[in-house]
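These are my notebook entries on one chain. I wrote down what I looked up, in the order I looked it up.

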Amino acid sequence: MNKINPKKLLNSKWTAVAPMNREKHFIVAEIEFDEDDMVVSCCIEAVMSKRCTPINWHDLKDDSSWVHGWK
């Protein structure tokens, strides 16, 4: 289980364990908080194609799918 601090999530780097559309390196490009500092939405951007994909930020905690950093 990857530990994630929502305050440090923006611009963090992630590697997909199973590449999606031949893309495996991602950066958290957008994150939106509500008035209680809870994450409302999160978007990851593929490094190679610059394609942005919305994601549930809790999915990044699953170490069978995501590795923190670029590996």
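Entry 1. Which residue in strand 2 is the bridge partner of Trp-14? I looked it up and found Phe-26. I note here that the model is a predicted one.

Entry 2. I stayed with strand 1 and strand 2. Four bridges hold this antiparallel pair together. Besides the bridge from Trp-14 to Phe-26, I found that Lys-13 has Ile-27 in strand 2 as its bridge partner. Strand 1 and strand 2 form a hairpin with two residues between the strands. In that hairpin Asn-21 has a positive phi near 55 degrees.

Entry 3. Next I stepped back to the whole chain. I counted five strands and zero helices. Along the sequence the pattern reads β-β-β-β-β. The strands make an open sheet in the order 4-3-2-1-5, and the pairing is antiparallel. Which strands stand at the edges? They are strand 4 (52-54) and strand 5, and each has a single partner strand, so one side of each has no neighbour in the sheet. From one strand to the next the twist averages 35 degrees. As a reminder to myself, strands in a sheet pair through backbone hydrogen bonds, and the pairing can be parallel or antiparallel.

Entry 4. I then checked the other neighbour of strand 2. Strand 2 pairs with strand 3 (residues 39-46) over seven bridges, in the antiparallel sense. Within this pairing, Ile-27 is opposite Glu-45 in strand 3.

Entry 5. On to strand 5. Strand 1 (residues 13-20) and strand 5 run antiparallel and are joined by three bridges. I found Thr-15 opposite Val-67 in strand 5. Ala-16 has Trp-66 in strand 5 as its bridge partner.

Entry 6. I looked for aromatic pairs. How many are there? The count is one aromatic pair. The ring centres of Phe-26 and Trp-66 are 5.4 Å apart and the planes stand at 80 degrees; an angle over 60 counts as edge-to-face, so this pair is edge-to-face. The two residues are 40 residues apart, with Phe-26 in strand 2 (residues 23-33) and Trp-66 in strand 5 (residues 66-68), and the pair links distant parts of the chain. Are these two residues buried or exposed? Buried means under 20% relative accessible area. Phe-26 has 3% relative accessibility, so Phe-26 is buried. Trp-66 has 6%, so Trp-66 is buried as well.

Entry 7. I also looked for charges over rings. Lys-7 has its charged end over the ring of Phe-33, at 5.3 Å from the ring centre. Lys-13 lies over the face of Trp-70, and here the distance to the ring centre is 5.4 Å.

Entry 8. Where does Arg-51 lie? Arg-51 is in the loop between strand 3 and strand 4. Its relative accessibility is 37%, so Arg-51 counts as partly exposed. Leaving out residues up to four places away in sequence, Arg-51 touches Asn-21, Glu-23, Ile-44, Glu-45 and Ala-46. Glu-45 is also the residue opposite Ile-27, and Asn-21 is the one with positive phi in the hairpin of strand 1 and strand 2. I also noted how Arg-51 relates to Phe-26: they are 25 residues apart in sequence and 9.5 Å apart in space, C-alpha to C-alpha.

Entry 9. Last, I took down values for the chain as a whole. The C-alpha trace spans about 35 × 25 × 15 Å along its principal axes. For 71 residues, a compact globule would have a radius of gyration near 11 Å, and the chain has 12 Å, so the two agree. Of the 71 residues, 30% are buried. Among contacts between residues at least 6 apart in sequence, 42% join residues at least 24 apart.

Key: Residues numbered from 1 in each chain as written. Predicted model: local features only at pLDDT ≥ 70, side-chain atom pairs only at ≥ 80, totals over all residues. Heavy atoms only, no water. Phe/Tyr/Trp six-rings, centres within 6.5 Å; stacked < 30°, edge-to-face > 60°. Buried < 20%, exposed > 50% of the residue type's maximum accessible area, 1.4 Å probe, protein only. Lys NZ or Arg CZ within 6 Å of the ring centre and 35° of its normal. Pairing = 2+ DSSP bridges. Axes fitted to C-alpha atoms, helices over the stretch in contact; angles between N-to-C directions. Rg over C-alpha atoms; globule rule 2.2 N^0.38 Å. Contact = heavy atoms within 4.5 Å.
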